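Thanks for coming, everyone. Please look at the structure on the screen while I talk.

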Amino acid sequence: MISDNLRKVRQEIQNSCALVSRKVEEVTLVAVTKSVDSAKMKELYEEDLTVFAENRVDVLLQKQTELADYPAIEWHFIGHLQRRKVKDIINKIDYFHALESLKLAGEIQKRAQKVIRCFVEVNVSGEASKLGIRPEEVLSFIQSLASYDKIEVVGLMMMAPYDSTVEEQRSYFTQLKQLQESVSVKKYSHAPCTELSMGMSNDYPVAIEVGATYVRVGSALFEDE
């Protein structure tokens, strides 16, 4: 049952926060709903989970139509966003988790009708298969966004390698936490960078212990469904 899975995830978040003396309110659970239909999302909504994430433009737009009677939903886009599709979606989401190039930033700047809250995607692990800014380039990249008045860098985002050990996960997450702090201390008006989007179903407890403020959980919510 989705309600049972959600209860387990919320308890795990609470336990992870308690381990490091964090308040559970500091962590936002983002339900990654790319593998389920709108009916399952409605079940989560009834359990007071209203933050949903998709990674495909067409699917998000379809679900927004199907869930038009649920205005409290906060929509996050977490996948790679092709520049040609920016115009279709950028004004219909609340957060964008995958800003990874100046070309994409330029397209967002061109198409956005409001300030878009963005996470800069960082390739901490250096995997060739992953997009993202290299850690050593994060600060200069964010500095380059100062003139983009439609973009607010609220934080950094990463994905740890799926097969990484707990120790490796902790190392990757710690690197991103240190990067986030190095940006935040600059007090950039366009990049407060106070948030950390890291941790998925297989590693979110570790991410929370390190400092994640947004965890993107999908399969742990929908297993055995």
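Let's start with Phe119. Phe119 is buried, because its relative accessibility is 0%. Buried means under 20% relative accessible area, exposed means over 50%, and partly exposed is in between, with a 1.4 Å probe and protein chains only. Before I go on, a word on the source. This is a predicted model, where local features need pLDDT of at least 70, side-chain atom pairs count only at pLDDT 80 or more, and totals for chains, interfaces and linings use all residues. Residues are numbered from 1 along each chain as its sequence is written, and side-chain values use heavy atoms, with hydrogens and water left out.

Now the aromatic rings. A pair of aromatic rings is described by the distance of the centres and the angle of the planes. The rule here covers rings of Phe, Tyr and Trp (its six-membered ring), which pair if their centres lie within 6.5 Å. Planes under 30 degrees apart count as stacked, over 60 as edge-to-face and the rest as tilted. How many aromatic pairs does this rule give? The count comes to six aromatic pairs.

Take Tyr45 and Tyr70, one of these pairs. Their ring centres are 4.7 Å apart, with 85 degrees between the planes, and the pair is edge-to-face. Where do the two residues sit? Tyr45 is in helix α2 (residues 38-46), and Tyr70 is in the loop between α3 and β3 (74-77). They are 25 residues apart, and the pair links distant parts of the chain. Helices (H or I, at least four residues) and strands (E, at least two) are DSSP runs, numbered from the N terminus. Tyr45 counts as buried, at 19% relative accessibility.

Back to Phe119. Its ring pairs with that of Tyr214: the centres are 5.5 Å apart and the planes at 75 degrees, so this pair is edge-to-face. Why does the pair tie together parts that are 95 residues apart in sequence? Because Phe119 lies in strand β5 (residues 116-121) and Tyr214 in strand β8 (residues 214-217). Tyr214 counts as buried too, with 8% relative accessibility.

Next, the backbone. Most residues other than glycine have a negative phi, and most peptide bonds are trans. Which way does Asp48 go, positive or negative? Phi of Asp48 is positive, near 65 degrees. Asp48 lies in the loop between α2 and β2 (51-54). With a relative accessible area of 66%, Asp48 is exposed. Cys193 has a positive phi as well, near 50 degrees. Cys193 lies in the loop between α7 (166-184) and β7 (195-197). Is Cys193 buried or exposed? Cys193 counts as buried, at 0% relative accessibility.

On to charges. Side chains of opposite charge can pair when their charged atoms come close. A salt bridge here is a side-chain nitrogen of Lys or Arg within 4 Å of a carboxyl oxygen of Asp or Glu. The structure holds 10 salt bridges.

Asp58 meets Arg56 at 2.8 Å, N to O. Asp58 is partly exposed at 42%, and Arg56 is partly exposed at 46%.

Glu137 bridges to Arg134, with the closest N and O atoms 3.0 Å apart. Glu137 has 34% relative accessibility and counts as partly exposed. Arg134 is partly exposed at 47%. A network of salt bridges links Arg134, Glu136 and Glu137.

Then Glu181 and Lys177. Their closest N and O atoms are 3.7 Å apart. Both lie in helix α7, four residues apart, about one turn of the helix. Glu181 is partly exposed at 43%, and Lys177 is partly exposed at 22%.

Some charges form a patch instead. Asp37, Glu43, Glu46, Glu47, Asp48 and Glu66 make up a negative surface patch. Patches are made of residues with over 30% relative accessible area and no salt bridge, with like charges joined within 9 Å. Asp and Glu count as negative. Glu66 sits in helix α3 (residues 57-66) and is partly exposed, with a relative accessible area of 40%.

Last, Asp203. Asp203 is found in the loop between β7 and α8 (204-210). Asp203 counts as buried, at 1% relative accessibility. How far apart are Asp203 and Ser101? They are 102 residues apart in sequence and 26 Å apart in space, C-alpha to C-alpha.

Definitions and conventions
Patch = residues over 30% accessible without salt bridge, like charges linked within 9 Å, V, L, I, M, F, W, Y side chains within 5 Å. Areas by Shrake-Rupley, 256 points an atom, 1.4 Å probe, with all protein chains shown as cover. Charge placed at Lys NZ, Arg CZ, Asp CG, Glu CD.
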